[in-house]
Amino acid sequence: MMLMISELMERPLASWRGQERIGNELLDCLTIIFKSGGCTWSKCRMCSYRHERYTGSQSPGTILGHLRALLLWVTHQYKTEEYRMVKIFTSGSFFDPDEVPADFLPEVATAFRGKLIIAETRPEFVDPDLLTSFIGILDDGSYKKPLYCAIGLETSSDTIREKSVNKGFSFRDFKNAAGTANSAGAGVKAYLLHKPLFLTEGEAISDMKKSIRDTIPYADMISMNPCTVQRNTEMEYYWKRGAYRPPYLWSVLSILLEAPLHVTCDPLGGGQKRGPHNCGTCDYEIVKGIRDYSLNADRDLLAALLETVCDCREEWDYILASEKSYCMPLTR
């Protein structure tokens, strides 16, 4: 039996079609997770993506060959007219030359010319010359900002980012990177992390509400990621020993509803023990509603979901009132 050419090619870690809300518009979106040389920071307490890399001491030329094969598979698999936007992820930073060889960037910009690209990166790799060159190839006039640098800020609190996440940069670094991106003609998308390690449910809510307000002046878009316990991480170590519980979906709803602007959220693992969850009875409806809200920005939907009748709502209220940092989590 003959195999399709694309089935014989090396494939990305993952790729899929979906939709993304940009301003008041819904765009058909292609998401790609490229396997790369690996995150050069590789120390975040909750992240397992840093393990997804080409192993061994492979040369930049070898890594470049792998990446070209992955890009070729994508261009064979997805018709360019089927999407207007591309989200690019690696195990760390797309603009880190030690992870993704610099020669690969113009090839990506050429392959997706005329699309809107959101590419994840740490702030230290937001380089004005690199961005200007990339945009110069990518831009065909379709978008005012054809490129957005997606930065995992996680929180505006330097203390929480250092102690609970171990991210390795400051809020000032993020602000400087945002300014650099803007001066090069790129936008900024900020990823915030809800309930990293060592925070009570109430502390995590307060941190996220403040972080959203603090980040608004520097980001065109904000996405909140409720923590999911990934395998082979420090977070999993604590979770297995009963020292961490992922956030309640009630908390996610309350944060999104009170945010001063539309914050997107895709609760990965929602309703499961490793992901943001309530009791199991009301989870499915709430997770679906949160994902719908990310696309339609309907705050009435969030308000209605918060009125869902379920016994665990009372439990959540008790947790917020009673949980202390020296005896948490009170529930699993």
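Modeller: In this predicted model, Leu105, Pro106, Val108, Ala109 and Thr110 of helix H3 meet Leu130, Phe134, Ile137 and Leu138 of helix H4. The axes of H3 (residues 104-111) and H4 come within 8 Å and cross at roughly 30°.

Colleague: What makes H3 and H4 roughly parallel?

Modeller: Angles under 35 degrees count as roughly parallel, and the axes of H3 and H4 cross at roughly 30°, so H3 is roughly parallel to H4. The crossing of H3 past H4 is right-handed.

Colleague: Which residues of H7 and H9 meet, and how do the axes of these two helices cross?

Modeller: Glu201, Ile205, Met208, Lys209 and Ile212 in H7 meet Ser251, Ser254, Ile255 and Glu258 in H9. The axes of H7 and H9 (residues 249-258) come within 10 Å and cross at roughly 25°; with the limit for roughly parallel set at under 35 degrees, H7 is therefore roughly parallel to H9.

Colleague: Why are H9 and H10 called roughly parallel to each other, and what is the handedness of each crossing that H9 makes with H7 and with H10?

Modeller: The axes of H9 and H10 (residues 283-296) come within 10 Å and cross at roughly 25°, and an angle under 35 degrees counts as roughly parallel, so H9 and H10 are given that label. The crossing of H9 and H10 is left-handed, whereas that of H7 and H9 is right-handed. On the H10 side, Leu249, Trp250, Val252, Leu253 and Leu256 in H9 meet Asp283, Ile286, Val287, Ile290 and Tyr293 in H10.

Colleague: How do you know that H9 is mostly covered?

Modeller: Of the 10 residues in H9, 8 are buried, and a residue counts as buried with a relative accessible area under 20%. The buried residues are Leu249, Trp250, Ser251, Val252, Leu253, Ser254, Ile255 and Leu256.

Colleague: Which members of the largest nonpolar core touch the most other members, and which helix gives the most to this core?

Modeller: The largest nonpolar core has 75 residues, of which Phe94, Phe112, Ile117 and Trp250 touch the most other members. Helix H2 (residues 60-77) gives the most to this core, with 7 residues. Apart from this core lies another, of 13 residues, among them Phe89, Leu116, Tyr148 and Met221. As background, nonpolar side chains in soluble globular proteins tend to be buried together.

Colleague: What does Phe112 touch, if residues up to four places away in sequence are not counted?

Modeller: Phe112 then touches Ile32, Leu71, Val74, Tyr83, Val86, Ile117 and Leu138.

Colleague: What makes the pair Arg122 and Glu124 a salt bridge, and is Arg122 buried or exposed?

Modeller: The closest N and O atoms of Arg122 and Glu124 are 2.7 Å apart, and the limit for a salt bridge is within 4 Å, so the pair meets the criterion. Arg122 has a relative accessible area of 7% and is therefore buried, whereas Glu124, at 46%, counts as partly exposed. The structure holds 19 salt bridges, and Glu20, Lys87 and Lys189 are linked in a network of them.

Colleague: Why can the pair Asp220 and Lys145 be said to tie together parts of the chain?

Modeller: The side chains of Asp220 and Lys145 meet in a salt bridge (2.9 Å, N to O). Asp220 lies in the loop between helix H7 and strand S7, and Lys145 in the loop between helix H4 and strand S5, so the pair ties together parts that are 75 residues apart in sequence. Asp220 is partly exposed, with a relative accessible area of 37%, and Lys145 is also partly exposed, at 24%.

Colleague: Why is Lys167 called buried, and what does its side chain meet in a salt bridge?

Modeller: With a relative accessible area of 10%, Lys167 falls under the 20% limit and so counts as buried. The side chains of Lys167 and Glu154 meet in a salt bridge (2.7 Å, N to O), and Glu154 is buried, with a relative accessible area of 6%.

Colleague: How do you know that Ile319 counts as buried, and what does Ile319 touch?

Modeller: Ile319, found in helix H12 (residues 312-322), has a relative accessibility of 2%, and the limit for buried is under 20%, so Ile319 counts as buried. Not counting residues up to four places away in sequence, Ile319 touches Glu201, Tyr248, Leu330 and Thr331. Ile319 and Gly202 are 117 residues apart in sequence and 7.9 Å apart in space, C-alpha to C-alpha.

Notes:
Residues are numbered from 1 along each chain as its sequence is written. This is a predicted model: local features need pLDDT of at least 70, side-chain atom pairs count only at pLDDT 80 or more; totals for chains, interfaces and linings use all residues. Side-chain values use heavy atoms; hydrogens and water are left out. A nonpolar core is a set of buried Ala, Val, Leu, Ile, Met, Phe, Trp, Tyr and Cys residues joined through side-chain atoms within 4.5 Å. Buried means under 20% relative accessible area, exposed over 50%, partly exposed in between (1.4 Å probe, protein chains only). Helices (H or I, at least four residues) and strands (E, at least two) are DSSP runs, numbered from the N terminus. Contact means heavy atoms within 4.5 Å. Axes are lines fitted to C-alpha atoms, for helices over the stretch in contact, and angles run from 0 to 180 degrees between N-to-C directions. Angles under 35 degrees count as roughly parallel, over 145 as roughly antiparallel, 65 to 115 as roughly perpendicular and the rest as oblique. A crossing is left-handed if the near helix is turned anticlockwise from the far one by less than a right angle, and right-handed if clockwise.
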